[in-house]
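Colleague: Could we go through this model together? I would like to begin with the cavities and then turn to the salt bridges.

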Amino acid sequence: MTDQALNPNGTPAGADAPAAPEPDTAPAPAKARARRRRSASAGSPTRKGPAPEAPSAAVESGPEQPPAKDAEPSSATGPKAERTAAGPDAEPEPESESESAPDTPAARPAKAERTAAVAPGTENGSGADTGADVEADPQPDPTPHRKADPKADPKAGTAPAAPSDVGAGAARPVSRTGEVTVRVGAAVWAGAQGEGQFVGRERELAELRGEIGRPGLGKQGKGRARVLLVAGRPGVGRTALALRLAEDLADDYPDGQVFLRMTSPEGEPVPAEQAVRALRRALARTPGADGSAAPVTPAAPAPAAPSGGPAATSRKTLLVLDDVLRADQLDGLIPDAPGSLVVVTSDGPLPGVPDVRPCTLGGLDTPAAVELLAHSIGSTRVTCDPRAAEALVQEIGGHPTALRLVAAWLAARPTLSVADAATRLRTVSADAPAAPSAEADRTAPLRAAAQGELVRSFRLVYEDVPQTAARMLRLLSLAPAGMVDAQVASALAGCSVAAAQSTLDDFVGGALLAPGPVTGDELPPQYRLPGCFEPLLRGLLESRDRPEEVRLARARMLERTVRLLLSCGSALVRMRLPDDGPRSLSFDSPATAAEWLRSRLPALLASARVAVADGDLDTLARRLIAAQVQALAAFPGGNAMAAEQYELHGLVLDVAERRGLDREKAAALINLGDLDAAAGRSDRALDRYRAALGAARKCDDAEAEGRVLEALGGTYQERHDPQRAADWYGRALALRQERGETFHEARLHGRIGALFTYDGRYGPALREWRAAAGAYRRLADLGAQARALTEAARVQEYAGYPEDALRTCRDALYWARKAGERRLEGAILLRLADTLDRLGDPSGATVQRAAANRLLSEGESAPN
């Protein structure tokens, strides 16, 4: 395989795997068009008006096919912005030297009732994606079993909602942003609980309520919040039970309620320090009962976590930590507030957490399970044969998710009796499909295996799904972060967007998919693949699909994601792509594009990780990351995306080191160093820059080397070390002079001159500013020349030579007039007046100030 590197702006060339042609624009049969009239927004986002020429991180656009190979590579964005007020482009008024503050995520207003959604490194809400009609292609319609029509059979009831690791009620998934989901506020519990009916679990709820006030906390637990643990295998309803408990108790904890998802989309445990940062941001935006912010004060903060501060012993907060895999994930998350409560869900006990009695969940009791079945298929069918209903739920063992699957399957077959369903279920094997290979899952954490009741119910439903739809369902296990929409399903299955949307609707009706985060009217819906189904589908995928077909499906999905990201970035900056492509891959407006990016961000980041981890799709992975960087750079309030950008550049670094791409490695290290410097991590930034310098010199990339040298100088300048900063700027200057880059030479003379001025070294500073003025004169940039001379006059005045400063100011005034810059001329006259005052000529100073005021007032009144 031929490796290709990225350009300095992150633009790669080439693709590692062929992408199947897009079927979205193929003519559709009339039948398919009629069938999709009921869902006019089945397609993906649409855009009207101009779209962009890609900014610095853009990648080439075009049809979804592999770009040409062997193109020259790469790299990163330029160095950091200038960090001093003084310079040839600065106003010549004498101002104190100031450091530019590092960028920080912009906080968005919290919603009513103390609701918010944030994530580590960013603060994003959930969103969605617009739809447009797309004609179906001639491929077979992968529509599985259809939902029962309530009008045709009112006794059959409605099909149940899809499982979401729920107890007895369907749980609508909360918004996922990054690797940690954070939801704040009492309204979260109702929203996360979903529309399904919650039944049973009275004994477990009473047990958990009793644990809250139980005495007997050990020494380790004194002064800390009470911790409750809900344990059980995936799908038994532990999350639904925790949310129901939190909903019931929300009024008792007025200082904030937070839900955190403690497992990443890839199934990895979220580090404690990352969760602590997200929790702090969430509670910082949540007013307490007294109107003040509610801090979280960890008992034992992780090393990378922020400092805790005094214990908020009077605070009463409620935390739900969902799907905790290890006890050390709780480090720093349990508040030092006895009045607070932490509810944890996990596969099993968590050794190391003091004084916690796990509430272990099994199946629902028979009356509750029958009630749930009646709610799903209609009470009449249960009333007609109550013993058969009891036999069915006992056959399933009361497993909530298994019961929902069978109930949805039964609701779609109104002529089938409950007894027949129980009989058929008994014939289904409880052996799980072939587990994913050990090599494929070598890094996956050990999770509890699916219970036999769930396996049998899943097999019963899956075996009745039409072949084409079953293939799509298996391929959905490849969806990044388990999040699916019509575009993802269309690319994976190689069918039209309209056909994919119809099939996804049927999967939801069949309880095989769960509704995703709530989306707006302009965006098509998202769906979530329940985690308990993922290993079953992975096993089926490995046993029934050829590896090359699976890889091609993944490549199609990633290529489609690249196209959508390019279109999104273009819409955000209101420019047109050279090739807009199908309408389903465009956006109506920048607002729609921003909402799509915000709502899809967790899945987009997961897709980048998947592409890099594959190892054989490195070129496609680089294109995907470059498109994401471009879109994030154009996103409104993009400073809030620093954590996501940092992760993306880290992935580029992984690929570059694996492939030995020094140019791309230097680019990634420069970007990472810039982000570290902006966040105030100057030590780490210096390490990144030094590593980038070595990589740039190794591949003889003089442009990257120059940027690194300047970045090193700027970082030392921020650390208030002018001597080292001047040394690194001097090295960059020598390199620019060797390359004959006069503009950069002039700019660096100005930077060094500003450093010498700040350090009180006026002689060298004056030489640097005069050299900068000479370089700008060679460039015929008269305005910049005048500014550099004004800075030279400032240095002369500081050094105690006002007469020389007066002459230099007059030279600067001459060149400013030649340049025709009226405001610059006025600013120089003000400096000239100050100099005359110091020389004892107040009348001359008054004349100069009057002239300057006239010029500046003319500039303010001039039309734009």
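Colleague: How many nonpolar, polar and charged residues does the lining of the largest cavity have?
Modeller: In this predicted model, that lining has 10 nonpolar, 4 polar and 3 charged residues.

Colleague: What is the volume of the largest cavity?
Modeller: The volume is about 180 Å³. Of the 17 lining residues, Val 488, Thr 561, Arg 600, Ala 603 and Leu 604 are the closest to the centre of the cavity.

Colleague: Which helices and strands each supply at least two residues of that lining?
Modeller: Those are strand S8 (483–484) and helices H13 (486–493), H16 (547–572) and H17 (590–614).

Colleague: How many cavities of 30 Å³ or more are found in the whole structure?
Modeller: The search finds 9.

Colleague: Changing topic, how many salt bridges are there in the whole structure?
Modeller: There are 53. One of them joins the side chains of Glu 204 and Arg 201, at 3.7 Å from N to O.

Colleague: Is Glu 204 buried or exposed?
Modeller: Glu 204 counts as buried because its relative accessibility is 7%, under the 20% cut-off. Arg 201 is also buried, at 3%.

Colleague: Which residue forms a salt bridge with Arg 778?
Modeller: The partner is Glu 745, with the closest N and O atoms 3.5 Å apart. Arg 778 lies in helix H25 and Glu 745 in helix H24, so the pair ties together parts that are 33 residues apart in sequence. Arg 778 is exposed at 55% relative accessible area, whereas Glu 745 is buried at 13%.

Colleague: Which residues are linked in a network of salt bridges?
Modeller: The network links Glu 703, Arg 707, Glu 710, Arg 736, Arg 739, Glu 741, Arg 747 and Arg 751.

How values were computed
Residues are numbered from 1 along each chain as its sequence is written. This is a predicted model: local features need pLDDT of at least 70, side-chain atom pairs count only at pLDDT 80 or more; totals for chains, interfaces and linings use all residues. Side-chain values use heavy atoms; hydrogens and water are left out. On a 1 Å grid over the protein atoms alone, a cavity is a set of points where a 1.4 Å probe fits but cannot get out, and a pocket is an open set with protein on both sides within 12 Å along at least five of seven lines; lining residues have an atom within 4 Å of a point. Grid points are joined across faces, edges and corners, and a volume is the space filled by probe spheres set on the points. Helices (H or I, at least four residues) and strands (E, at least two) are DSSP runs, numbered from the N terminus. Ala, Val, Leu, Ile, Met, Phe, Trp, Tyr, Cys and Pro count as nonpolar, Asp, Glu, Lys and Arg as charged, and the others, Gly among them, as polar. A salt bridge is a side-chain nitrogen of Lys or Arg within 4 Å of a carboxyl oxygen of Asp or Glu. Buried means under 20% relative accessible area, exposed over 50%, partly exposed in between (1.4 Å probe, protein chains only).
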